[in-house]
Amino acid sequence: MGTAVTTSESRSPATATGAYVAAGGPRRPRRKRGLIRRTGIVFPALGLAVLLVAVVAGAAYVMTPRGVGASSLAEAIDALPQNNSVALLEQERTTLIDMSSAVRTLSVVAKPATVSPSDMAAATQTASSGTSGTSGTSTGGGVTTVSAPAPDPGTAQSIAYNMLPSFGFSQSSQWGCLLNIWNRESGWNYQAENPYSGAYGIPQALPGDKMASAGADWQTNPATQIKWGLGYIQSIYGTPCGAWDFELANGYY
C-alpha cells in the first residue's frame, strides 16, 4: 500500500498558520485588555480621595461659619441639643460656683450684743408696770411701792383711788400698785372677761359671781367690782403693793 503524502496544498488554513508560526514567522498581535483590567486600583483610590476631600470641606464649613479655629468649633458644639442630665450637671456647677463666691464674701459685721441678767430683770419690771408716769421704790421689808398721780375724776380709776383709805391703804404709796395690777388684768374694763378662765370684771374675779358678795349689780357696776377687788387684795396680800409683787413674780394675783 502506498503512504499518503500530505502536501502543503492539502493542509487546513489553521494548520498552515500554526506551522508558519512554528517555523519562526511573524506573530499575530494579542487582543488588548479591557479598560477596567488596565486601570486596576485607580478607581478605588480616586473614590477615597473624593471622600477625604468631602470630609475636609465639611470640617472647614463647621469650623468657619462665623469665625475660624477652635472657637467656632466650640460654638458649634454648644449649639448641639443637650439632654437633661447635662443640663442638671451644669446647673449644679453654677450653684456651687455661686455658693463658693458667697462664702468668700462673708464677713463679721459686729459682735453680737449680750444683756446681763440684772439688766433683763430691770427691763422686765419696767415693762410690767403697765403705766407711764408711775415709779417704783422698795421699802425695807422688800415690798415694792409705786407712786402715781391721782386719776381724772369720773373714771373707774378715780373710784378706786377714793376708796383706798376705807380699806386702810395709803393713796400716795398704794395707788400706783393698784393701778398697775388692774391695768394688766383688765385695763379697768368692767365688762372684761377672760375667754380661757372665765375671770370677769375689773379685778378679774374667778368666777365672776364671787363679786355678788359686794352687790347684786356686780356685772355692770364698776364701784361694786372695785369694792370686792380691794377686799380680796386686803385679805390675801395685805396691800395692793403686796399683790403687785406677787403679780410680777407669778403673772397673776
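## How to read the model

Residues are numbered from 1 along each chain as its sequence is written, and side-chain values use heavy atoms, with hydrogens and water left out. Because this is a predicted model, local features need pLDDT of at least 70 and side-chain atom pairs count only at pLDDT 80 or more, while totals for chains, interfaces and linings use all residues.

## Confidence

Let's start with pLDDT, the predictor's confidence in each residue, from 0 to 100. The chain has a mean pLDDT of 72, and 53% of its residues reach 70 or more.

Residues 1–23 are one of them, with 4 contacts (heavy atoms within 4.5 Å) beyond four places in sequence. Residues 105–133 also stay under 50, and there the model has 16 such contacts.

## Overall layout

The chain has 10 helices and 2 strands; these are DSSP runs numbered from the N terminus, with at least four residues for helices (H or I) and at least two for strands (E). Read from the N terminus, the order is α-α-α-α-α-α-β-β-α-α-α-α.

Of the 253 residues, 23% are buried, where buried means under 20% relative accessible area, exposed over 50% and partly exposed in between (1.4 Å probe, protein chains only).

The structure holds 1 disulfide, a pair of cysteine sulfur atoms within 2.5 Å. It joins Cys-177 to Cys-241, with 2.1 Å from S to S. Cys-177 sits in helix H8 (residues 171–185) and Cys-241 in helix H10 (residues 240–250), so the pair ties together parts that are 64 residues apart in sequence. Both Cys-177 and Cys-241 are buried, and their link is right-handed, with 85° about the S-S bond.

## A closer look at Thr-224

Thr-224 belongs to helix H9 (residues 222–236). Its relative accessibility is 7%, so Thr-224 counts as buried. Beyond its neighbours within four places in sequence, Thr-224 is in contact with Met-211, Ala-214, Gly-215, Asp-217 and Trp-218.

## The largest pocket

A pocket is an open set of points on a 1 Å grid over the protein atoms alone, where a 1.4 Å probe fits, with protein on both sides within 12 Å along at least five of seven lines; lining residues have an atom within 4 Å of a point. The largest pocket holds about 250 Å³ of space. It is lined by 13 residues, and those closest to its centre are Glu-185, Ala-199, Gln-204, Leu-206 and Tyr-253.

Key:
Grid points are joined across faces, edges and corners, and a volume is the space filled by probe spheres set on the points.
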